[in-house]
Amino acid sequence: MSLKSYSRARAVHVMLVYTGGCNGCDIEIVNCIFSPKYDAEQYKIFLTWNPREADVLVVTGPVTAHNEKPLKAIYEAIPEPKAVIAAGACALMGGVYKNIHGDIPSEEICGPVDQVIPVDAKVPGCAVRPEDVLAGAVAALPKLLDAE
Amino acid sequence: MDKDKITNETPKKQVIETEVPMGTVHSAAIEPYRIRLFVEDEIVKDAEITVGVNHRGVERIMEGLPVEKANSLTEKICGICSNSHIWNSVLVAEKALGIEVPERAQYIRIIMEELERLHSHMLYLAHGNEVLGHETFSMRLFYIRETVMELLRMIGGNRVQYGVSILGGIRPRADLNQMRIQKINEGMDFVEDKISNFAERFISDPMIMSRITGVGILKKEDALRLAASGPTLRATGVSIDLRKDMMEYDPFEFDVITQDDGDVKSNLLVRVLEIPEAIKIIRQAVKNLPEGGITNRSWEMYDTPITKSYIEVPRGKLYHSYALEEGRVRHSIVRTPSIANIGAMEQACIGCHITDAQLAVVQCDPCFTCTDRAIQIIKL
């Protein structure tokens with residue numbers, strides 16, 4: 001393990017972006033990092049709201065049309081190496097909001113997250129469970145640590 | 001030409017000195033919304049909140065769906081007060097179709113609603129403490145809240161969207177047996193003990209009290225003029241609680257909590273003091289839980305005109321309306337409590353120091369993801 005990846009593994013900063021979900025996943029992710037029961041901070045995973053500090057971007061919600069541009073801008077602002085986790089059914093496949101009628105496409109939704117920015121790990125569930133969020137964060141870590 | 005026309009029509013806010021825009025995604029604001037602060041000498045003179053970023057068109061999706069599906073879709077409006085949405089939409093459909101609900105199901109719905117009030121208020125307090133900069137209290141509250149989340153998971157099967165209410169009763173899975181009742185009682189004992197300890201420490205902390213007293217004042221007249229609802233209104237001294245008027249809450253005794261000042265301190269204290277009241281209701285409901293069936297399946301679907309229902313949810317007043325046609329939803333409108341409180345948030349910001357503006361917004365318990373309901377996206 002190089003010095004860079006050694007130090008990266010000791011301070012993984014997670015940034016959370018809401019893109020139009022129902023708040024359920026977001027609260028569970030904040031809960032997973034903040035709550036003393038799950039306590040992701042013991043694994044050196046910290047929550048931040050600043051993209052310049054972040055290593056991992058957690059996206060929840062189907063990307064609404066208004067949120068597409070900010071989401072891309074945030075993704076660009078995060079320094080390399082970076083990983084993206086899509087959390088929740090809405091972020092994975094649009095959830096209940098994507099084209100539920102079949103014949104009526106919904107104009108407000110830009111589709112799942114992986115159509116807007118590249119996604120490295122996917123966390124299923126409606127709403128996501130804190131255990132799954134931890135597993136997703138662990139799955140995204142190799143991309144950060146193996147980077148030069 | 002068109003552009004000029006649009007700029008002329010925009011309502012003009014009085015711009016003094018500097019404008020500080022925040023959003024739509026900002027590091028200080030967790031949810032995506034846009035707030036413009038008009039600042040003079042670091043004092044906020046005017047504020048403007050824009051929502052609509054999260055618009056997903058849930059009501060549009062609901063039109064044409066069978067009632068049962070539409071009911072479960074209302075739950076996806078908000079992840080914090082999901083039970084209130086499904087409860088109110090089921091109540092509307094039951095009112096329209098004249099369905100009688102077994103008493104046991106009513107009681108279990110009340111238990112779920114009050115558990116949700118507990119976790120919503122604790123989340124509010126945790127968020128408020130995080131904005132204050134007191135992470136220890138915030139973590140402490142998340143720790144207490146975890147007990148309530150476990151109870152919700154035990155009853156509904158999911159930590160966030162439990163979907164307990166169905167047309168004519170509740171899901172069989174959510175019925176309470178002796179073991180579950182015992183667990184609820186134990187959980188309530190735990191929460192009451194820990195919350196009273198927290199409240200003692202919170203109130204006797206001079207740093208916190210000096211930070212939140214007199215910040216973000218919302219006057220009583222302003223709150224009534226802006227039609228604020230829920231605990232935000234009660235914190236200004238108006239004793240209005242829709243639960244006192246609801247038929248479902250008739251068998252239970254509880255007090256309406258009010259505070260006088262309308263500042264951040266009053267808002268936090270209203271929520272702190274409402275937690276024991278919610279625990280009181282849950283204890284009564286569990287103790288007097290009636291025997292009998294939980295679902296009434298003998299009802300028929302027919303066309304109904306528009307039916308409306310208001311209920312009191314953790315964050316204020318929630319409105320749902322349905323019009324049914326051939327078992328499907330023809331019309332649906334949802335009005336969430338936070339949209340009524342947006343005016344109150346803007347008003348509370350005025351007169352604050354700019355560093356307190358975020359606190360003044362947070363004190364009104366905003367949930368912008370469920371607020372983006374009444375907004376139409378107009379393409380220019």
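This is a predicted model: local features need pLDDT of at least 70, side-chain atom pairs count only at pLDDT 80 or more; totals for chains, interfaces and linings use all residues.
**Chain A**

Chain A holds five helices and five strands. Read from the N terminus, its elements follow the order α-β-α-β-β-α-β-α-β-α. The C-alpha trace of chain A spans about 55 × 30 × 20 Å along its principal axes. The radius of gyration of chain A is 15 Å, and this agrees with the value near 15 Å that a compact globule of 148 residues would have. Of these 148 residues, 48% count as buried. Among contacts in chain A between residues at least 6 apart in sequence, those joining residues at least 24 apart make up 79%.

**Contact between the chains**

Chain A contributes 32 residues to the contact, and chain B contributes 32 residues. On the side of chain A that touches chain B, two or more residues come from each of β1 (12-18), α2 (24-34) and α3 (68-77) of chain A. The element that gives the most to this side is α2(A), with six residues. By class, the residues on this side of chain A are 17 nonpolar, 11 polar and four charged.

Two packed helices are described by the angle between their axes and the distance between the axes.

| Item | α3(B) with α4(B) |
|---|---|
| Residue ranges | α3(B): residues 67-74; α4(B): residues 82-97 |
| Angle between axes | about 150° |
| Distance between axes | 7 Å |
| Residues in α3(B) | V67(B), N71(B), S72(B), T74(B) |
| Residues in α4(B) | H85(B), I86(B), S89(B), V90(B), A93(B) |

Angles over 145 degrees count as roughly antiparallel, and α3(B) and α4(B) are therefore roughly antiparallel to each other. The crossing in which α3(B) passes α4(B) is right-handed. The contact of α3(B) with α4(B) has four nonpolar and five polar residues, and no charged residues.

**Residue E113(B)**

E113(B) belongs to helix α5 (residues 103-132) of chain B. E113(B) has 28 other C-beta atoms within 10 Å, so E113(B) is buried; the cut-off for a buried residue is 20 or more. Leaving aside residues up to four places away in sequence, E113(B) touches N83(B), S84(B) and W87(B). From E113(B) to E312(B) the separation is 199 residues in sequence, and their C-alpha atoms are 9.8 Å apart in space.

Definitions and conventions
Residues are numbered from 1 along each chain as its sequence is written. Chains are lettered from A and ligands numbered from 1 in the order in which they are written. Two residues are in contact if their C-beta atoms, placed from the backbone, lie within 7 Å. Helices (H or I, at least four residues) and strands (E, at least two) are DSSP runs, numbered from the N terminus. Ala, Val, Leu, Ile, Met, Phe, Trp, Tyr, Cys and Pro count as nonpolar, Asp, Glu, Lys and Arg as charged, and the others, Gly among them, as polar. A residue is buried if 20 or more other C-beta atoms lie within 10 Å of its own, exposed if 12 or fewer, and partly exposed in between; C-beta atoms are placed from the backbone. Axes are lines fitted to C-alpha atoms, for helices over the stretch in contact, and angles run from 0 to 180 degrees between N-to-C directions. Angles under 35 degrees count as roughly parallel, over 145 as roughly antiparallel, 65 to 115 as roughly perpendicular and the rest as oblique. A crossing is left-handed if the near helix is turned anticlockwise from the far one by less than a right angle, and right-handed if clockwise. The radius of gyration is taken over C-alpha atoms; the globule rule is 2.2 Å times the number of residues to the power 0.38.
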